[in-house]
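Here's a quick tour of a structure, written for someone who likes to know the cut-offs. Have the viewer open and follow along.

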Amino acid sequence: MTLEEVLKLVDGKAISSDVDLSDHVAMACGADLMSDVLAFTHAGTLLLTGLTNPQVVRTAEMAGIKAIIFVRGKYPPAETIALAQEKRIPLLATRYTLYEACGRLYAAGLAGCGLFSIAQDTWTDTLDSTSRKK
Amino acid sequence: MAAAGSSLGSNEAPPGAIPVTKSQELVYELKIGDIMTRQPITVGPDCLMSELKEILRVKRISGVPVLEAGELVGIISLEDLIVALERGETGARVGDRMTRRVQTVYADESVIQAVNCFARHGYGRLPVVDRQGHLVGIVTQGDVVRGLLRQLDVQWQEEEIHRYRASHIFEDIESDQTGLVLRYKVVARDFVRGGEASSKLKRALERLGARPQLMRRVAVAAYEAETNLIIHTDTGGDLIAEIQPDRIRVVALDTGPGIADVQQALQPGYSTAPDWIRELGFGAGMGLTNIKACADEMRLESRLGVGTRLEAVFNLTLEEQRRPRDS
């Protein structure tokens, strides 16, 4: 899906001045927890988030995130925009909530990041340890 | 002669004209002297228009500066010649038909001055003079294009050589065990600069020709480790990457406060991070889990009041040990 189609679906706007709207994203991830973004995404992912601090861009850089959409009409501070410019990561914005923005993109066929075995291990490990404590 | 080159101002870019592309940048960096044609063909004022016609035809040029006793006194172009031909004045002297008020540029000015001149006045060529006003060359729009292309080519080659050197370091330098150690200082509580060390490490790996998938694993682990140093230490610490041909070791070292219960710290979701960290999207107790998932081996050693050492090892597969350009 191109960023242009993404923007149309979430009724969004480009924040960065030099966004190439013909860029493709293969899948998307919605998260406000950056560790989850680092753990549960693949390179080339579109990130939807409500956080606007520069660490979001750092996270995107490390995880190979293709573009970032800020949800709920949030506008990032100047240092976030500057860092994104430097790292050439396009910033977009939508007025929809994280849930609805994700839903709209998913319904239009933009895939998620798939199932993660590590996530399931974490889940069972934690459950086991909790039940053991009890 | 009007020394108009200087009237265009300094070599600096005019306000608002921010160079955005490499060629636009070069237009400011390159000097006219770098791209001009040296020792241009000139004529004297007594040269006849019929003689000028032959010079332009044989040399395949469209205009020449006119010199008298070594001084630039005018310029004459193909257009002047056409007018003379129309009027049947091929016997006229160049000195009577030339343009006397010559727009010149200085050899030590930026190419942008010449570009602006071409754009503003529609000139086909500009005589280039030194600061004493002596003719040292001539510049055409063709010279500008050729000069820029040549410079782009040179810079591209330099970049390639640079890249080549970096990616061949392990083959070019012989030892029984070659390793590259990169050490980054991480400042405690400085979340604004958080991630800079990992970013530099990632860039270094890119330079060394690491595969994207490996680079991503190392970068994510390093970033989590760097974040831990920022959040949890008293005085920051060191993020050290030891790069060897067959493996990469990332170590995060600090001098305290240390972890009370290492086993507990390794539990997914266990965290001692304060709220302000959580508001930034971190501190959910997933950092060590993430590092473990990215790395092939992870070790965490810590003593209260002494410090913590986290080590993550990434073994390179045979595929990853080969540089991408070879495949």
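## Ground rules

This is a predicted model, so to speak of local features pLDDT has to be at least 70, side-chain atom pairs count only at pLDDT 80 or more, and totals for chains, interfaces and linings use all residues. Residues are numbered from 1 along each chain as its sequence is written, while chains are lettered from A and ligands numbered from 1 in the order in which they are written.

Helices (H or I, at least four residues) and strands (E, at least two) are DSSP runs, numbered from the N terminus.

## Helix α4 of chain A

Which residues of α4(A) are buried? In this helix, residues 78-87, they are Thr80(A), Leu83(A) and Ala84(A). Buried takes 20 or more other C-beta atoms within 10 Å of the residue's own, exposed 12 or fewer, and partly exposed is in between, with C-beta atoms placed from the backbone. The three cover an arc of only 100 degrees around the axis, which puts them on the same side of α4(A); the arc is taken over directions from the helix axis to the C-beta atoms.

On the other side of α4(A) you'll find Ala78(A), Glu79(A) and Glu86(A), which are exposed. The buried residues pack against α3 (54-63) and β5 (91-93) of chain A. Just after the helix, Arg88(A) has a positive phi of about 55 degrees.

## How α3 and α4 pair up

The axes of α3(A) and α4(A) come within 8 Å and cross at roughly 20 degrees. Axes here are lines fitted to C-alpha atoms, for helices over the stretch in contact, with angles running from 0 to 180 degrees between N-to-C directions. The two helices are therefore roughly parallel to each other (angles under 35 degrees count as that).

From α3(A), Pro54(A), Val56(A), Val57(A) and Glu61(A) meet a set in α4(A) including Leu83(A) and Lys87(A). Contact means C-beta atoms, placed from the backbone, within 7 Å.

## Where chain A meets chain B

Here, 23 residues of chain A are in contact with 25 residues of chain B. On the chain A side, α3(A) gives the largest share, seven residues.

## A residue in chain B

Glu320(B) sits in helix α14 (residues 318-321) of chain B and is partly exposed, with 18 other C-beta atoms within 10 Å. Leaving out residues up to four places away in sequence, Glu320(B) touches Arg211(B) and Leu214(B). Glu320(B) and Leu214(B) are 106 residues apart in sequence, yet 7.6 Å apart in space, C-alpha to C-alpha.

Terms used: Contact = placed C-beta atoms within 7 Å. Parallel < 35°, antiparallel > 145°, perpendicular 65-115°, else oblique.
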